[in-house]
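Please keep the sequence and the model in view while reading.

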Amino acid sequence: MQLTVLGSGAGLPSKKRNTQSYILDAIDESNQYILIDAGEALQHQILHTNIKPSKIKNIFITHMHGDHIYGLPGFLSSRAHQGGENLPLTIYGPKGLKEWLKVTFEISCSRLNYPLNIIEVEHNTQIEIDKFKVDVHLLDHTIDSYLYVFREENKKGALNTEKLKEIGIKPGPIYADIKNSSVFEYEGISYNTEDFIGPEIKGRKISIHGDTRIVSDSEYLSLIDSSDLIVHEATYLDNENEKAHQYFHSEISGVLNNFNDISYGHLLLSHLSNRYEEEFLLRLDGELPPNVYLAHDFFQLPILHNSQGSK
Ligand SMILES: [Zn+2]
Ligand SMILES: [Zn+2]
């Protein structure tokens with residue numbers, strides 16, 4: 001599993017940074033890409049990657065500001081012509097999403113040739129998609145803006161091959177049969193498979209925020225605690241905490257302080273304003289802890305179990 005940034009900028013696009021979009025590559029886990037937000041020019045950004053639009057099966061929209069959604073109608077219209085015909089797609093997002101898309105498609109006479117399911121989310125609910133549970137949590141922005149916490153299913157532990165060898169079973173296709181059984185027999189003796197399976201492998205947890213002020217209540221912090229990856233906005237980067245609060249955004253030192261008492265594998269700071277020079281951003285990135293990154297377009301980050309990063 002890995003995260004690809006398709007848009008790391010805030011508000012206005014620049015030559016270097018597109019507006020907000022992320023791809024959670026879960027091809028190995030559930031044969032799909034999950035798209036989070038759909039900033040303008042999303043289709044163009046996808047063209048620079050190997051991502052197949054037809055493999056995007058679920059989209060999560062954090063909030064209805066243009067820098068997070070203006071690429072959505074174009075992407076949805078084109079998907080059918082990019083191998084997506086008849087392949088269903090579900091979009092989750094705030095109230096208003098359904099009406100906005102309906103009006104846009106009606107007035108532009110756009111017709112999709114695949115089933116589109118639009119589900120408007122609410123605070124403190126959980127969504128189930130293939131191999132993931134997704135918690136929905138309302139943040140603090142000028143309009144309803146959501147955090148999505150993707151929790152991968154736990155996986156069965158590894159087969160203890162040493163133990164199997166001890167009872168005389170040599171490696172071969174039989175190992176796969178044993179792993180998929182609950183009991184197995186060898187030389188007339190019956191065994192419980194669970195005695196030969198290691199501890200369950202904990203699923204990964206990825207917390208992706210929409211635009212927000214710093215939120216520091218304990219319910220929120222415990223929801224994102226122990227994430228393998230957190231994506232959070234840092235629209236302000238230069239000791240501008242007050243300004244960030246005033247405009248319902250976050251400042252980098254505020255985000256880092258807020259997460260002091262929780263654990264996480266990686267923290268990706270994004271939604272970076274284009275008023276900062278790239279040189280300043282590069283220098284700042286170098287000063288951050290090794291598992292904290294400033295996003296840039298097409299940045300890719302593997303999401304490992306209990307990952308601790310290094311640059
Ligand atoms: Zn934004
Ligand atoms: Zn916003």
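Four donors count as tetrahedral if all angles lie between 85 and 135 degrees; four are square planar and six octahedral if opposite donors are over 155 degrees apart and all others between 65 and 115; anything else is irregular. Donors are N, O and S atoms within 2.8 Å of the metal (3.2 Å for Na, K and Ca), and water is not among the atoms, so sites may look incomplete. This is a predicted model, in which local features need pLDDT of at least 70 and side-chain atom pairs count only at pLDDT 80 or more, while totals for chains, interfaces and linings use all residues. Residues are numbered from 1 along each chain as its sequence is written, chains are lettered from A and ligands numbered from 1 in the order in which they are written, and side-chain values use heavy atoms, leaving out hydrogens and water.

**Zinc site**

- His 63 (NE2), His 65 (ND1), His 141 (NE2) and Asp 211 (OD) coordinate the zinc ion (ligand 2) at 2.2 to 2.3 Å.
- The arrangement is irregular because the 4 donor atoms subtend angles of 89 to 164 degrees.
- Asp 211 also coordinates the zinc ion (ligand 1), which lies 3.5 Å from the zinc ion (ligand 2).

- His 141 is buried (under 20% relative accessible area; exposed is over 50%, partly exposed in between, with a 1.4 Å probe and protein chains only), at 9%.
- Asp 211 is likewise buried, with a relative accessible area of 2%.
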